[in-house]
Amino acid sequence: MTAGHFSGVVWITAFVIASFMAFLAHALSRLHERTTRLTAESTVLREQTEGLV
């Protein structure tokens, strides 16, 4: 294996890792947004049903 080939493998590996990390960051961001939205909806529903029980 030549030094140039090894360097190419390193760059491809780094690209794959960076892509996965970007995907993971985006997924965590969406999860945070969804959790925040569900918490707000839960609060509204709790206020609306407070006197029913």
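**Notebook: a one-helix protein**

I began with Leu31, which is partly exposed, its relative accessible area being 48%. The cut-offs explain the label, because buried means under 20% and exposed means over 50%. I note that the model I consulted is a predicted one.

I then looked up where Leu31 sits, and found it in helix α1, which covers residues 3–48. I also found Leu31 in a nonpolar surface patch, together with Ile17, Phe20, Met21, Phe23, Leu24 and Leu28. The accessible area of this patch is about 740 Å² in total.

Leu38 counts as partly exposed, at 43% relative accessibility. I checked the separation between Leu38 and Gly8, which are 30 residues apart along the chain, and recorded 45 Å between their C-alpha atoms.

I then considered the protein as a whole. Its secondary structure consists of 1 helix and 0 strands. The radius of gyration is 23 Å, whereas the globule rule gives 10 Å for 53 residues, so the protein is more spread out than a compact globule. I noted the box filled by the C-alpha atoms as roughly 75 × 15 × 5 Å along the principal axes.

I looked up burial for the 53 residues and found that 0% count as buried. The accessible surface of the protein is about 5000 Å², and carbon and sulfur atoms account for 71% of that surface.

Last, I looked up the charges. I recorded 4 positive and 4 negative side chains, with 11 Å between the centres of the two sets.

Definitions and conventions: Residues are numbered from 1 along each chain as its sequence is written. This is a predicted model: local features need pLDDT of at least 70, side-chain atom pairs count only at pLDDT 80 or more; totals for chains, interfaces and linings use all residues. Side-chain values use heavy atoms; hydrogens and water are left out. Helices (H or I, at least four residues) and strands (E, at least two) are DSSP runs, numbered from the N terminus. The radius of gyration is taken over C-alpha atoms; the globule rule is 2.2 Å times the number of residues to the power 0.38. Buried means under 20% relative accessible area, exposed over 50%, partly exposed in between (1.4 Å probe, protein chains only). Accessible areas come from the Shrake-Rupley method with a 1.4 Å probe; for residues, only the protein chains shown count as cover. Lys and Arg count as positive and Asp and Glu as negative; His and the chain ends are not counted. The place of a charge is taken as NZ of Lys, CZ of Arg, CG of Asp or CD of Glu. Patches are made of residues with over 30% relative accessible area and no salt bridge: like charges are joined within 9 Å, nonpolar side chains (Val, Leu, Ile, Met, Phe, Trp, Tyr) within 5 Å. A salt bridge is a side-chain nitrogen of Lys or Arg within 4 Å of a carboxyl oxygen of Asp or Glu.
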